[in-house]
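Biologist: Hi! Could you walk me through this structure?
Modeller: Happy to, let's look at it together.

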Amino acid sequence: MFFPNRFRTPLSIAFAFVATHNHFVLDRGGKVFNRSAPVIKLSAGASEDDHLALLGLLNSSTACFWLKQVCHNKGSTVDQQGARQRTAPFEDFYAFNGTKVKEFPLAEPYPTDLARRLDALAQELSACLPAALCARETPTRAALDAARERAVGIRRRMIALQEELDWRCYGLYGILPEMAGAGDGPMGTLRFAHPTEPMETDEPPEIDLGERAFEIVLARRMAAGELETAWFTRHGSTPITGIPERWPEDYRRLVERRIALIESDRNIGLVERPEYKRRWSWTPWAEQEREALKDWLLDRIETHFSGGESATPPEQ
């Protein structure tokens, strides 16, 4: 069914109906979505920043945790009879239906600044991918290599900003402890220096997969024989037990504080887990190149033989 009023405002928020994690995206118009990608329409007159503000909350690990408590778990695979099975929790698919999404509680002030930066980087990343490069110019080895280097750097910056968004939302939703080592609550068990220092930063360094605070905790538990997980193998990342030396000292201390909270605070330890953290999976770059170059070449051949170009053969 088509409702004209809903399409007069081009801005929409679309999300994956069935997925392992929460994926909400800002659409600026010109697309059609079916039942597998529901759409959120804000009130008439809502600005782009209004949409980004909501996206910041919906794409956080806090939102992922909340949604997985109320949405249906569809498992990760099917057996020979077609019955759903569960494997690792982070690989379970959930049905994120609109009714439950509508009930998600909103916290203020919205993390609009982080959402805006992530959205800008996502657009930059899309422009760097092989398919985009082949669509706007004749691809060369040098151009593809430069695009890959730029894309990897942008992705690392996005991972870093997503960490800041997650930890910002812990504070917004009251998950972060207000004081460490004081009171009668669970905070009385915390043991780390300078507990009142901030838990986020405005300019984090680039972060690669495997380097986030919760991943370092996972790696240490694996090294101690306390845990077995397919998280690193599944995402092609390398487990590390130490904090990267290339990071600035202030950021290293920040990650140390985060690790201390993950290991000591029940609430933070509950949500800083693979099943609630963004996976950052993408198609391997070589495969993206292969598909993009194939499409580019087929388009050139089709255009040539359909009379769209001169009789000169396509450039090699």
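**The pocket and its surroundings**

Modeller: The lining of the largest pocket gets at least two residues from each of β3, α2, α5 (112-128) and α7 (141-172). Helices (H or I, at least four residues) and strands (E, at least two) are DSSP runs, numbered from the N terminus. This is a predicted model, where local features need pLDDT of at least 70 and side-chain atom pairs count only at pLDDT 80 or more, while totals for chains, interfaces and linings use all residues. Residues are numbered from 1 along each chain as its sequence is written, and side-chain values use heavy atoms, with hydrogens and water left out.

Biologist: Which element gives the largest share of that lining?
Modeller: Helix α5 does, with seven residues.

Biologist: And which residues lie nearest the centre of the pocket?
Modeller: Those are Phe24, Ala122, Met158, Arg278 and Trp280, out of 29 lining residues.

Biologist: How much space lies in there?
Modeller: About 880 Å³.

Biologist: Switching topic, what is the strand order in the open sheet of three strands?
Modeller: The order is β3-β1-β4, and the pairing is antiparallel. Two strands pair if DSSP finds at least two bridges between them.

Biologist: How many bridges join β1 to β4?
Modeller: Two bridges link β4 with β1, which covers residues 12-15. Isoleucine 13 has isoleucine 40 of β4 as its bridge partner.

Biologist: What lies across those strands?
Modeller: Helix α2 (residues 48-58) lies across β1, β3 and β4, and runs at about 170° to β3. Angles run from 0 to 180 degrees between N-to-C directions, with axes as lines fitted to C-alpha atoms, for helices over the stretch in contact (heavy atoms within 4.5 Å).

Biologist: Now α8: which of its residues are buried?
Modeller: In α8 (residues 213-223), the buried ones are Ala213, Phe214, Glu215, Ile216, Val217, Leu218 and Ala219. Buried means under 20% relative accessible area, with a 1.4 Å probe and protein chains only.

Biologist: What covers them?
Modeller: The cover includes α7, α9 (231-235) and α10 (249-264). Just after α8, glycine 225 has a positive phi of about 75°.

Biologist: Zooming out, how many helices and strands are there?
Modeller: The protein has twelve helices and eight strands. Of its 316 residues, 42% are buried.

Notes: Buried means under 20% relative accessible area, exposed over 50%, partly exposed in between (1.4 Å probe, protein chains only). On a 1 Å grid over the protein atoms alone, a cavity is a set of points where a 1.4 Å probe fits but cannot get out, and a pocket is an open set with protein on both sides within 12 Å along at least five of seven lines; lining residues have an atom within 4 Å of a point. Grid points are joined across faces, edges and corners, and a volume is the space filled by probe spheres set on the points.
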